[in-house]
Amino acid sequence: MVDYKSVGRRVSVLAVGFVIGAFSFATPATALGVAQDGPAVAYSSNDVGMQFASVPAGQFPMGCSEGVKPVECGLEEKPRHAVQITKGFELGKTEVTQMQWQAVMGSNPSQHKGNDLPVEEVTFQDVQAFLTKLNARNDGFLYRLPTEAEWEYAARAGNVDQFGGAKVANSLGRYSPADDWAWYNVEEIKPVAAKKPNAWGLYDMRGNVNEWVQDWYDSKYYSKSPMADPKGPDTNATEGGRGVRGGSFHDDGPWLTRVSLRQHFQEDYKHFDLGFRVVREKR
């Protein structure tokens, strides 16, 4: 574990190699978006303006990646193990924005206000309340947080490197200028989708705001994780709270935004760089 912020966060650093299986997944699309400097991606939308990209089923090795520096792989990242995502799903093109949160909840808890900024200052319980109201709209989909495995799988988007295909000159460089795919080492939160997307059309999987995932956190979970669709521990037995992924805008270097980075906070924790994105599936 690494303490890296004055707010008392506990951080683990994790790296993962990736092999995508030969699977496909189709979703109804309402628009064909040409991602900035990226592929043409078919995004589907809901009635509050949230857009979603398809993530295909597949398989990848989860845990320490080959070739990483020793400080980029901790005990909680071992053993490296095969993970199957057996069913394709849709994941939010961006983090949930303040405008989208306002449309569902009727309020905006964020410290830094802006319609196109990610919503922040939300606890895990706040996110669950949002999902409950979103699901109550009965639009034919089930909305939820991604699992830790789903999040990392989507962030890698078929790439084997620790930055999900982004070109990063010095992975351990402190106070490095933000790369073309992620916001970090900047003074304030930024509008979503202002950087390049990954290969599956997902924006800001690294940096800008950290993102809640559904799993309870356990530093030793990888030694007992099932191969197919791992969902994390059944309970908060280790008192690690819930998993958090992605890194944020005020992390001082790219290594803190690696797609394999593991963090964990208690369910009632909130901060101005902590938000989320949403999975949706057909009911």
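## Overall features

Among contacts in the chain between residues at least 6 apart in sequence, what percentage join residues at least 24 apart? In this predicted model, the share is 72%.

The chain has three helices and 13 strands. Of its 283 residues, 58% count as buried. Its accessible surface comes to about 11,500 Å², and carbon and sulfur atoms account for 52% of that surface.

## Nonpolar cores

In soluble globular proteins, nonpolar side chains tend to be buried together. The largest nonpolar core here holds 25 residues. Val55, Ile85, Leu91, Leu202 and Met205 are the members that touch the most others in this core. Two or more residues each come from strands S3 (40–45), S4 (51–55), S5 (58–62), S6 (81–85) and S7 (89–92), and from helix H3 (148–156). H3 gives the largest share, five residues.

A second, separate core has 23 residues, including Val96, Val104, Leu134 and Leu274.

## Around Met205

Met205 belongs to the largest core. Apart from neighbours within four places in sequence, Met205 is in contact with Leu91, Trp151, Ala154, Ala155, Asn198, Glu211, Gly246 and Arg277. One of these partners, Leu91, is also listed among the core members that touch the most others.

## Around Asn135

Asn135 is part of helix H2, which covers residues 124–135. Asn135 has a relative accessible area of 15%, and it counts as buried because the cut-off is under 20%. Setting aside neighbours within four places in sequence, the contacts of Asn135 are Phe141, Leu142, Tyr143 and Arg283.

Note on methods:
Residues are numbered from 1 along each chain as its sequence is written. This is a predicted model: local features need pLDDT of at least 70, side-chain atom pairs count only at pLDDT 80 or more; totals for chains, interfaces and linings use all residues. Side-chain values use heavy atoms; hydrogens and water are left out. A nonpolar core is a set of buried Ala, Val, Leu, Ile, Met, Phe, Trp, Tyr and Cys residues joined through side-chain atoms within 4.5 Å. Buried means under 20% relative accessible area, exposed over 50%, partly exposed in between (1.4 Å probe, protein chains only). Helices (H or I, at least four residues) and strands (E, at least two) are DSSP runs, numbered from the N terminus. Contact means heavy atoms within 4.5 Å. Accessible areas come from the Shrake-Rupley method with a 1.4 Å probe; for residues, only the protein chains shown count as cover.
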